[in-house]
Amino acid sequence: MAIRNVRKLGDEILRKKSRPVEEIDSKIITLLEDMADTMYYTQGVGLAAPQVGILKRIAVIDVGDGLIELINPEIIETSGEQTDKEGCLSVPGKYGLVSRPYKVTVRATDRDGNLFEMTGEGLLARAFCHEIEHLDGYLFVDKVTEYVEVDD
């Protein structure tokens, strides 16, 4: 597939609300594959379609347990709280402390059009929230309580 250009902070598209996917066609499948390739290439754990310039409600995540593809995702339940360092491929070199739910359940559609629910804790819960916020035009910098240094 292809590595797509990741939009950076200041690009207006990152602040716009994404539209729902009405039909899963070959263009959507290609987008999912390109997004996964781009996420792995840039060593991220998640990527939302607006980050590659597409205002569609699509995100991909891999926190180390395999690729998760989310079409039209929505958070349906949260519990607990965690505060940890967070970064973003669209905000290179910046990291900050962000509070998120510890446990998050999402409902989404897969590439075959099947509706599913998935629950994540810790980093996966954080990634669900982070990527779904991208779909509504929000960035992690909107929630940072304190910027921090991160050792690579």
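I worked from a predicted model, not an experimental one.

**Entry 1: salt bridges, overall**

I started with the charged side chains. Opposite charges can pair when their charged atoms come close. I asked how many salt bridges the structure holds. The count is 13. I then went through some of them one at a time.

**Entry 2: Asp142 and Arg15**

I looked up the pair Asp142 and Arg15. Their side chains form a salt bridge, with N to O at 2.6 Å. Asp142 sits in the loop between helix 2 (123–135) and strand 8 (146–148), and Arg15 sits in the segment before helix 1 (26–41), so this bridge ties together parts 127 residues apart in sequence. I checked how open each partner is. Asp142 is partly exposed, at 41% relative accessibility. Arg15 is partly exposed too, at 40%.

**Entry 3: Glu74 and Arg107**

Next I took Glu74 and Arg107. The closest N and O atoms of this salt bridge are 3.9 Å apart. The pair links distant parts of the chain, with Glu74 in strand 3 (residues 68–79) and Arg107 in strand 6 (residues 103–109). I noted a separation of 33 residues.

**Entry 4: Glu133 and Lys143**

I turned to the end of helix 2. Glu133 and Lys143 meet through their side chains in a salt bridge, 3.5 Å from N to O. Glu133 belongs to helix 2 and Lys143 to the loop between helix 2 and strand 8, so the bridge joins parts 10 residues apart in sequence. Glu133 is at 16% relative accessibility, so I logged Glu133 as buried; the cut-off is under 20%. Lys143 is partly exposed at 40%.

I then asked which residues are linked with this pair in a network of salt bridges. The network consists of Glu86, Arg100, Arg126, Glu133 and Lys143.

**Entry 5: Arg126**

What does Arg126 contact, beyond its neighbours within four places in sequence? I listed Gln82, Thr83, Asp84, Lys85, Glu86, Val98 and Arg100. Two of these names, Glu86 and Arg100, I had already written down as members of the salt-bridge network.

**Entry 6: helix 1**

I went through helix 1 from end to end. It has 16 residues. From first C-alpha to last it reaches 22 Å, close to the 22 Å expected at 1.5 Å a residue. At the N-terminal end I found a cap: a side-chain oxygen of Asp25 lies 3.1 Å from the backbone nitrogen of Lys27. After the helix comes Gln43, and its phi is positive, near 60°.

Which residues of helix 1 are buried? I wrote down Ile28, Leu31, Leu32, Asp34, Met35, Ala36, Thr38 and Met39. The cover over these buried residues includes strand 1 (46–48), strand 2 (58–61) and strand 3. Strand 3 is also where I had placed Glu74.

**Entry 7: rings**

I finished with the aromatics. I looked for aromatic pairs and the count is 0. I did find a charge over a ring. Lys94 lies over the face of Tyr147, at 5.5 Å from the ring centre.

Conventions. Residues are numbered from 1 along each chain as its sequence is written. This is a predicted model: local features need pLDDT of at least 70, side-chain atom pairs count only at pLDDT 80 or more; totals for chains, interfaces and linings use all residues. Side-chain values use heavy atoms; hydrogens and water are left out. Rings of Phe, Tyr and Trp (its six-membered ring) pair if their centres lie within 6.5 Å; planes under 30 degrees apart count as stacked, over 60 as edge-to-face and the rest as tilted. A charge sits over a ring if NZ of Lys or CZ of Arg is within 6 Å of the ring centre and within 35 degrees of the ring normal. A salt bridge is a side-chain nitrogen of Lys or Arg within 4 Å of a carboxyl oxygen of Asp or Glu. Helices (H or I, at least four residues) and strands (E, at least two) are DSSP runs, numbered from the N terminus. Buried means under 20% relative accessible area, exposed over 50%, partly exposed in between (1.4 Å probe, protein chains only). The expected span of a helix is 1.5 Å times one less than its number of residues. Contact means heavy atoms within 4.5 Å. A polar contact is a pair of N or O atoms within 3.5 Å; within protein, one must be able to donate a hydrogen and the other to accept it, and residues adjacent in sequence count only if both atoms are side-chain atoms.
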